[in-house]
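Hi everyone, thanks for coming. Let me put the sequence and the structure on the screen, and then we can walk through a few parts together.

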Protein chains: 2
Amino acid sequence: MAIKNILYIMCDQLRFDHLGCAGHPFLKTPNIDRLAARGVRFDHAYVQSGICGPSRMSAYTGRYVSTHGATHNRVPLSVGEVTLGWHLREAGRRLMLAGKTHMLPDARGMKRLALDGQNELAVLLREGWFDLIDRHDGHHAEPDSAYADWLRAQGYQSKDPWTDYVIAVTDEKGRTQNGWKMRHARLPARVREEHSETAYTTDRALEFITAQGNEPWVLHLSYVKPHWPYIAPAPYHALYSPEECLPVRRHAAERDANAHPVLREFMREEVAESFQQDECIATVRPAYQGLIAQLDHHLGRLWDVLEKLGRFDDTLILFTSDHGDYLGDHWLGEKELFHDCIQRVPFILYDPDPAADATRGRVETRFVEAIDALPTMLDALALDPAEHLLEGRSLLALTRGQDIVWRDAVFSELDWTFRGARRRLGLPTGQHHAWMVRTTQWKYVHWTDGLRPMLFDLAKDPEEFHDLGADPAYEAVRESMRERLLAWFTGLKRRTTLTWAEAEFRTDRHKSAGVFYGEW
Amino acid sequence: MAIKNILYIMCDQLRFDHLGCAGHPFLKTPNIDRLAARGVRFDHAYVQSGICGPSRMSAYTGRYVSTHGATHNRVPLSVGEVTLGWHLREAGRRLMLAGKTHMLPDARGMKRLALDGQNELAVLLREGWFDLIDRHDGHHAEPDSAYADWLRAQGYQSKDPWTDYVIAVTDEKGRTQNGWKMRHARLPARVREEHSETAYTTDRALEFITAQGNEPWVLHLSYVKPHWPYIAPAPYHALYSPEECLPVRRHAAERDANAHPVLREFMREEVAESFQQDECIATVRPAYQGLIAQLDHHLGRLWDVLEKLGRFDDTLILFTSDHGDYLGDHWLGEKELFHDCIQRVPFILYDPDPAADATRGRVETRFVEAIDALPTMLDALALDPAEHLLEGRSLLALTRGQDIVWRDAVFSELDWTFRGARRRLGLPTGQHHAWMVRTTQWKYVHWTDGLRPMLFDLAKDPEEFHDLGADPAYEAVRESMRERLLAWFTGLKRRTTLTWAEAEFRTDRHKSAGVFYGEW
């Protein structure tokens with residue numbers, strides 16, 4: 001049976017190592033593991049930026065951040081960029097959304113093009129060509145959202161039920177406490193589990209899938225968890241003890257006098273200083289795991305419905321995340337920098353095609369980039385591959401066990417202009433970027449502003465504690481990584497207004513166009 | 001008096017060395033020289049691509065080709081890109097056009113955004129935000145153009161008076177011959193001089209400037225000459241003999257077994273094979289010089305009107321070209337590759353401000369890029385410098401003799417996908433690019449597709465005959481040039497949807513936006 005539907009599941013801030021099937025010694029994720037058993041788990045999958053906005057814009061455009069230009073959170077995606085929703089529209093299909101996108105309208109571009117009205121096109125453009133079942137981005141109060149209305153209908157009387165219930169807790173003295181304060185992560189949310197974000201979003205997706213019947217669909221089911229605020233509803237807040245979490249990975253060498261200046265400044269951000277306290281780690285990590293366990297529970301509900309409806313026969317399912325979370329590793333909190341706990345993400349692909357039967361349950365170690373998702377989906381639906389735009393590759397060749405030449409490096413980027421670290425280093429506004437090249441053995445990070453590179457030998461130092469970026473003995477390695485980076489830059493897809501077939505058609509064709517230069 | 005007007009004059013395919021003031025031993029350009037005497041002649045000005053379309057899109061956006069993506073002729077500029085016309089519109093001004101732009105609408109992008117209608121905005125978008133006095137691109141028949149109508153009104157009865165008169169000649173036997181054939185370049189055009197393209201375009205500009213009175217204006221006066229077809233009207237067709245042309249610059253070493261494969265294949269294009277004949281060079285070069293002499297004559301008319309109207313007091317004037325022409329040098333015809341006769345262009349800037357008095361008549365050898373024109377114009381009009389978009393630099397610091405740190409290299413690019421050379425090298429459609437880094441001493445060209453680089457030592461080999469791209473002795477030079485190229489790529493301006501002031505405002509501001517992550 002041909003693939004008819006696509007279920008593109010994205011979690012927010014879920015680390016690659018926080019899955020049962022990825023080897024977590026305590027955290028149980030039986031439903032995610034179920035999907036891995038039916039599909040292929042890509043064990044070396046990397047995002048294109050370690051922060052929500054640019055990572056997602058890469059996922060939704062199939063293009064690197066250097067190409068699409070939405071380099072950080074709250075940097076709008078240019079109205080000139082083409083997204084998955086548009087690729088589907090062109091083929092007469094739609095891209096439905098339940099949950100988060102972090103999409104921000106290119107207000108200046110839309111104004112220039114007189115697209116800032118209230119019509120259907122303007123709405124679609126503002127949403128990056130997603131059709132909304134329900135959108136909520138989850139990391140700030142959205143008091144006028146459908147979710148807030150729904151919460152109020154469930155009895156959570158508040159102008160802002162997210163702040164007052166979803167991420168709030170009640171302390172031992174009966175006082176309501178704000179869930180932004182990480183010290184409260186040991187307490188349960190003031191919202192009931194079935195009214196939490198993960199439950200709500202799953203419900204919307206289930207309603208949609210069920211109502212669709214046998215009509216084909218493409219759904220982006222985009223959970224806002226386990227992203228902060230780290231407040232889990234009961235019983236998930238207390239499912240794991242601090243001893244049942246992964247040990248923190250940090251080393252004194254990371255804070256010595258030779259530390260990279262940007263790393264040093266990121267260690268001085270408030271979130272890093274909080275996570276440098278053992279108590280913070282011991283408080284947040286169990287809640288983070290609880291939020292993942294809750295996610296897993298709801299994915300189980302989802303699989304059951306899909307099974308009942310026969311959707312496992314005709315639906316491609318991708319389960320992934322937009323980046324990880326330091327949680328105190330490397331003396332850091334939050335994300336953005338280039339350690340594997342940020343850049344490497346869960347990536348499980350279920351391909352219903354019988355051609356993929358031979359790879360079911362396989363753990364695939366070849367490198368995947370998040371930008372592969374979009375070409376994979378177009379491939380699955382037999383749509384135009386838009387190779388003049390898409391910088392990733394379809395993964396169906398891998399799920400179907402074809403013998404092909406594959407990439408041997410992945411690339412990610414950061415625009416750290418917006419961080420206090422930039423100001424503390426005395427740098428003016430403008431553009432302050434970094435690029436990561438990661439091969440099997442090496443991780444190289446190239447910085448602008450004359451800052452020295454970072455380099456890690458992952459064979460000898462898989463935990464990325466010992467930065468060889470300034471070690472003269474490794475100059476040849478660094479040079480070879482710069483060569484790779486240069487080759488990567490030269491291969492970006494900049495000619496977006498003409499397809500490759502059109503380029504072929506127009507080659508050496510001036511005379512057909514009435515231009516006869518060069519004749520003697 | 002503040003600068004009120006801008007006259008941005010572009011010639012098409014005019015070599016840097018074909019000006020009297022640039023040292024041509026025979027060609028007289030007294031009027032261009034007059035401008036050079038009143039302004040600054042930038043002797044090392046480089047375009048960002050050696051072919052009309054991408055070179056002009058760089059000039060009109062102020063951005064490198066790798067950034068704006070219109071990589072070759074007939075590759076539309078993305079509707080997401082911002083042009084000089086829009087910068088002026090935003091400031092309540094307009095950009096008028098007389099002549100050529102090579103602008104092509106991004107039909108697919110406009111369709112996606114439902115901008116493919118017939119309203120004023122759609123027209124402006126199709127024209128890249130130029131307001132047309134009159135447009136004609138000049139290198140192919142435009143039988144429905146205003147120029148064709150005007151020619152017919154002057155008595156040139158034809159469906160296509162450009163083909164039948166403007167670029168046609170009458171041979172010794174009284175037969176009309178097609179001007180596309182370069183052998184006919186020794187004969188005069190069938191159009192009278194005052195009806196030729198250069199005269200017509202000058203007339204339109206003069207009418208506009210005169211009608212404007214004291215109202216401010218910005219005019220792109222964009223000549224289609226001395227671009228092929230190389231047919232000059234009398235008396236200009238016969239103004240110069242072959243002996244009064246520059247000697248052809250070519251060397252047997254360029255054709256030896258070690259020639260770069262792309263160079264070798266370009267030498268096999270029809271236009272190159274034509275120009276490999278001495279007779280072709282001896283026929284075309286005099287006509288090419290005649291077309292320049294004609295241009296110079298009409299610029300004299302223009303200067304006289306500007307003088308009479310007092311416009312030299314309040315008008316910034318830039319005179320330049322979009323690229324050069326091989327004319328047989330290096331065994332090549334046409335353009336595209338990276339020799340100085342293609343990439344280096346005339347560039348004369350007249351700054352009326354008294355602060356520029358000290359530099360009048362100066363020959364400035366510091367490097368200029370064509371993308372400097374746009375920031376210079378915005379600077380002259382005291383408009384927003386749009387530094388988040390513009391990759392060039394205002395030249396007013398140089399005309400006004402300010403002491404500043406300046407660039408020490410220029411960059412240009414080529415997308416040679418569309419050339420037969422690509423097919424002859426066995427390469428499929430897709431993207432086949434090259435980038436030039438030129439410093440005072442070195443010219444380095446970096447190719448995709450695993451092709452070896454080119455390298456010229458301009459100190460020892462100013463004529464660029466001896467390609468050191470494969471010479472092991474120069475690997476350190478090549479590596480340093482690759483480092484420069486990498487640094488250039490990292491500095492391109494990709495974050496187009498947010499100004500630098502907005503980036504500053506949003507730095508470290510999450511709490512003001514209601515996002516309190518990281519608090520313990």
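Let's begin with a term: a salt bridge here is a side-chain nitrogen of Lys or Arg within 4 Å of a carboxyl oxygen of Asp or Glu. What you see is a predicted model, so local features need pLDDT of at least 70 and side-chain atom pairs count only at pLDDT 80 or more, while totals for chains, interfaces and linings use all residues. Residues are numbered from 1 along each chain as its sequence is written, chains are lettered from A and ligands numbered from 1 in the order in which they are written, and side-chain values use heavy atoms, with hydrogens and water left out.

Over all chains, the search finds 116 salt bridges. One of them joins Glu269(A) and Arg424(A), with the closest N and O atoms 3.2 Å apart. Glu269(A) sits in the loop between helices H10 (261-266) and H11 (270-275) of chain A and Arg424(A) in helix H16 (residues 420-424), so this pair ties together parts that are 155 residues apart in sequence. Helices (H or I, at least four residues) and strands (E, at least two) are DSSP runs, numbered from the N terminus.

Now to a sheet in chain B. In what order do its 4 strands run? The order is E12-E13-E14-E15, in an open sheet with antiparallel pairing; two strands pair if DSSP finds at least two bridges between them. E12 (410-415) and E15 (454-457) of chain B are at the edges with a single partner strand each, so one side of each has no neighbour in the sheet. E12(B) is joined to E13 (residues 433-438) of chain B by 6 bridges, and Ser412(B) stands opposite Met436(B) in E13(B).

Next, the interface. 83 residues from chain B and 84 residues from chain A take part in the contact, meaning heavy atoms within 4.5 Å. The two chains bury about 8100 Å² between them, 54% of it from carbon and sulfur atoms; that is the accessible area (1.4 Å probe) that two parts lose on being put together, summed over both.

How many salt bridges cross between chain B and chain A? The rule finds 14. Asp415(A) forms a salt bridge with Arg495(B), the closest N and O atoms being 2.9 Å apart. On the side of chain B that touches chain A, H17(B) gives the largest share, 8 residues.
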